[in-house]
Amino acid sequence: MFRLTQYMEQLLNPTPVRKRRGGPVRPVVIWNLTRRCNLQCRHCYTTSADLAFPGELSTEQAMGVIDDLAGFGLPALILSGGEPLSRADFFELADYARPKFRYLALSTNGTKIEGEAADRVAAIGFDYVGISIDGVGRTNDWFRGKAGAFEEALSGVRTCKALGIKVGLRFTPTGENADQLPEILDLCEREGIDKFYMSHLVYAGRGNKNRGEDAGHRRARDAVKLLIERAWRALREGRHFEVVTGNNDADAVLFLNWVRENFSTDQAAHVEAHLEAWGGNSSGIGVANIDPTGKVHPDTYWSDYTIGNVKERKFSELWTGDDRMLALLRTRPRPLEGRCGACAHQAVCRGNTRIRALQLTGNPWAEDPACYLSEAEIGVEAAAPRLEVSTFRGKRHDPEHRFY
């Protein structure tokens, strides 16, 4: 996750570069509590539906996980789904978790945040509620598979605002909706929305099936350039509007190039030092995932690679164990190949999102096909032909493939 506004603030109010701590990093855990969902989004990475899926953790098991995560000292816990509010014991679990974590967030489609449910969300005291949309009006409804889903989500946003809950919008640009990004940003400004998160498409779940809809290099680049423009304008105007991007760490390099073009050499060096301290892609390092059945993954999109299951072994033990993939993900530098292996910005990007390379080639260390930076921008004079998403459309790697 690239916190654009946070690093942009270094241009106005510079702070010392944080030092990297030794030992294993305590990750932000994104916990998919359930696969059940009242919508059926085209790029859903969990392939959720409005069904009761077998094998999900019981209330007692989930509370045991909460105790372990709290004792492990996580910086943040994000409750997600499916649609987490579709789980019958959601509020019981959220109430139990709230006093145990410094930062507790909710990722939702927003359509269920109304009436008593909205009051209970407010009473729990989530630090942040992220509501996902896929466009404006009928575009969103088409993506989400339900007429009226946009208005219901917007109502959820407004309800959160009225109840004093920090709320943000989440958006994934594809070839079908990327042109609506300016309108969505205008919506954020009109509604006084606190945060905007743009997630680049990741080839997992229905997102893998629909990867031919990826917004493409030019559209992705243009989207990030627009976010830089809007985030900088908000900062200069003194408006609180946090902009974050995810699943394409090349965004940080594009931002660094913008800084170099528009600010002094010293300012650019300062921002670069902060970006290197952040370190780019954090799969298996600063972020982890627990899926509805208790399986632990390096992040939410690595569903085909399981570190272990919290039904059998505590998360804290799995995360600090001797898993080979986690060890490789935590290596500096990672054993990257292709353009990513030759890139001059590995200290900032860390090889971007490995799951896309895995889905297209069966090799998690191949170049990320969604990197939109040119050879000149990554410091490569000549390179082999780029991986093309269309070449591999419909192809999926063998889950038994050896990753190392």
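The model is predicted, with pLDDT of at least 70 needed for local features and 80 or more for side-chain atom pairs, while totals for chains, interfaces and linings use all residues. Residues are numbered from 1 along each chain as its sequence is written, and side-chain values use heavy atoms, with hydrogens and water left out.

For contact, meaning heavy atoms within 4.5 Å, I listed L181, P182, L185, D186 and E189 in α7 against A223, L226, L227, R230 and R233 in α9. The residues of this contact of α7 with α9 divide into six nonpolar, no polar and four charged, with Ala, Val, Leu, Ile, Met, Phe, Trp, Tyr, Cys and Pro counted as nonpolar, Asp, Glu, Lys and Arg as charged, and the others, Gly among them, as polar.

I then searched the whole structure for cavities and found three of 30 Å³ or more. A cavity is a set of points on a 1 Å grid over the protein atoms alone where a 1.4 Å probe fits but cannot get out, and its lining residues have an atom within 4 Å of a point; points are joined across faces, edges and corners, and a volume is the space filled by probe spheres set on them.

The second largest cavity holds about 40 Å³ of space and is lined by L185, E189, R230, R233, R239 and F241. α7 and α9 each supply at least two residues of that lining, which divides into two nonpolar, no polar and four charged residues.

The largest cavity has a volume of about 110 Å³ and is lined by 14 residues, of which C340, C343, C349, C371 and I378 lie nearest its centre. The elements giving two or more residues to this lining are α10 (250-262), α14 (338-342) and α15 (346-349). I counted the lining as nine nonpolar, four polar and one charged.

Next I followed α10 to α11 (residues 265-278), where the two pack at an angle of about 165° with their axes 9 Å apart. α10 and α11 are therefore roughly antiparallel to each other, and α10 passes α11 in a right-handed crossing. In α10, A252, F255, L256, V259 and R260 meet Q267, A268, V271, E272, L275 and W278 in α11; by class these are eight nonpolar, one polar and two charged residues.

Last, I checked the backbone. Most residues other than glycine have a negative phi, and most peptide bonds are trans. N247, in the loop between β7 (242-246) and α10, has a positive phi of about 70° although it is not a glycine. The peptide bond from G81 to G82 is cis, with omega near 10°, and G82 is in the loop between β2 (77-80) and α3 (90-97). The bond from R332 to P333 is cis, with omega near -10°, and P333 sits in the loop between α13 (324-329) and α14.

Conventions
1 Å grid on protein atoms, 1.4 Å probe; cavity = no way out; pocket = protein on both sides within 12 Å on 5 of 7 lines; lining within 4 Å. Helix = DSSP H or I, 4+ residues; strand = E, 2+ residues; numbered from the N terminus. Axes fitted to C-alpha atoms, helices over the stretch in contact; angles between N-to-C directions. Parallel < 35°, antiparallel > 145°, perpendicular 65-115°, else oblique. Left-handed = near helix turned anticlockwise from the far one by under 90°.
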